[in-house]
Every structure is written in structure tokens, then in C-alpha cells.
Amino acid sequence: MPAQILDLYRTHRSEYSMPKVPKIVRVRAARYLTITGRGEPGGDVFTAALGALYGVTYTIRMSQKRLGQDYKVCKLEGLWWSGDGEGDSRLVAPPSNWNWKLLIRVPDFVTPEHVNEAKATLKEKGRDPEVREVELEEIAEGTCVQMLHLGPYAKEGETLAAMKQFAEQKGLEMHGKHHEIYVSDPSRVDEDKLKTILRMPVRRTVG
């Protein structure tokens, strides 16, 4: 009987819901491989960081598979901010000033030692120096407002406005960093059909 492959989306399906209207979700602390940078999406810095993140991700996955702990590689996610990092402050900043942290969720059995081993393996293979910037982090977002955005990334403002209005009606305010989960691959899907889960941590309105 073949070993079962761990699917984190199936295990945590409530956290990856794709509602067409804003919804409250509870997001537990999760472990991610991350890489942080600044600049326009699709630019040279962004592209190099993305390649490094995937390089470490697949190297770890293959090493764990050989040990009998196979799992599906999760979809790319990202935290975005500018200025003070509260809400989606990047909406008022040019793309060259956007800060981002690219994320790929991994199982809890992935450790810092696994990350260091993957980096060493990739270094031996002459991979790009950005590999050394990949880290393992635990991120805890707690209570969030979440909604599916359908269409171009440039039109996310409309979806975020609906999320903000929903939060205010519930006596909540957005705080922390804007979170995107890329359900669709933009290289394979028409822009108008892109699916992106938008998530914003919220808290009770102060004052």
C-alpha cells in the first residue's frame, strides 16, 4: 500500500476557503519557508527570490520523501506592505517601493536543520546566492477577514474595499500585513480568470 501524501490544504481546508463575499476565518499558527525583499513583482530581485524559495522548497520535500514523509508542495503565498505595514498600504505606493515576503507553507516536521541542509546542497550545485536568504518562520495571524478575488491583481482594491467594509460592520479593524494566496498560476491562466485568496488579520476596533 503506497504511503499517504500529506496535503496541508486538505488538512486545513477551513483556512483556505474561497468565499465570494467577505468571511471571518480563524488561522492557526503555521510554518512557512520565506524570503523577504523589496521591489516590483516580476522584477529581477523578485524573480531571483522566487527561484531561491522554490529551490529550497523542493530540495527539502525530496529529502523528506526519501525518508517516507512525503507531502504536497503548497501554493505560493505572499505578504505585502509599504510604509508602516498596516493594512494594504502598498495601494498608495509605487510598485518599486513595495515590500514583500514570499511564503510556502510546510509541515510542522520541517526543521531549521532541514533548511540549512537544503541550502548547503544547493550551494554545492552552484545555485543563486539568494538561496541563503530563505528562512523557516512560524506565522500566527489569528482572526482574519478572507475573500476570493477573481481577476487581475491590479483590481484587488475593489475586493479589499468590500473586506474593509465588512470588517467595520463587525466592529473590527484591519491590522498587520496584507496576505495573498495564489490559487491560479498567472503563466497558465488568463488575467481575468486569476483566482487569489485575499486575507487580512483583524482585531476589535480600538476606541
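The count of disulfides, taken as pairs of cysteine sulfur atoms within 2.5 Å, comes to zero. C74 is in no disulfide, and the nearest cysteine sulfur, that of C144, is 17 Å away. C144 is likewise in no disulfide, its nearest cysteine sulfur being that of C74 at 17 Å. Relative accessible area is 5% for C74, which is buried (buried means under 20% relative accessible area, exposed over 50%, partly exposed in between, with a 1.4 Å probe and protein chains only). C144 also counts as buried, at 0% relative accessibility.

This is a predicted model, in which local features need pLDDT of at least 70 and side-chain atom pairs count only at pLDDT 80 or more, while totals for chains, interfaces and linings use all residues. Residues are numbered from 1 along each chain as its sequence is written, and side-chain values use heavy atoms, with hydrogens and water left out.

**Salt bridges**

A salt bridge is counted when a side-chain nitrogen of Lys or Arg lies within 4 Å of a carboxyl oxygen of Asp or Glu. The count comes to eight salt bridges, including those in the table.

| Pair | Closest N and O atoms |
|---|---|
| D7 and K72 | 3.6 Å |
| R61 and D70 | 3.0 Å |

D7 forms its salt bridge with K72. This pair links distant parts of the chain, 65 residues apart: D7 is in the segment before helix 1 (8-11), and K72 is in the loop between helix 2 (44-66) and strand 3 (77-81). Helices (H or I, at least four residues) and strands (E, at least two) are DSSP runs, numbered from the N terminus. D7 is buried, with a relative accessible area of 15%, whereas K72 is partly exposed at 46%.

In the pair R61 and D70, both residues are buried.

R188 counts as exposed, at 74% relative accessibility, and D185 is partly exposed, with a relative accessible area of 33%.

**H178**

H178 lies in strand 8 (residues 178-182). Its relative accessibility is 0%, so H178 counts as buried. The side chain of H178 makes a polar contact with the side chain of E156 at 3.5 Å. A polar contact is a pair of N or O atoms within 3.5 Å; within protein, one must be able to donate a hydrogen and the other to accept it, and residues adjacent in sequence count only if both atoms are side-chain atoms.
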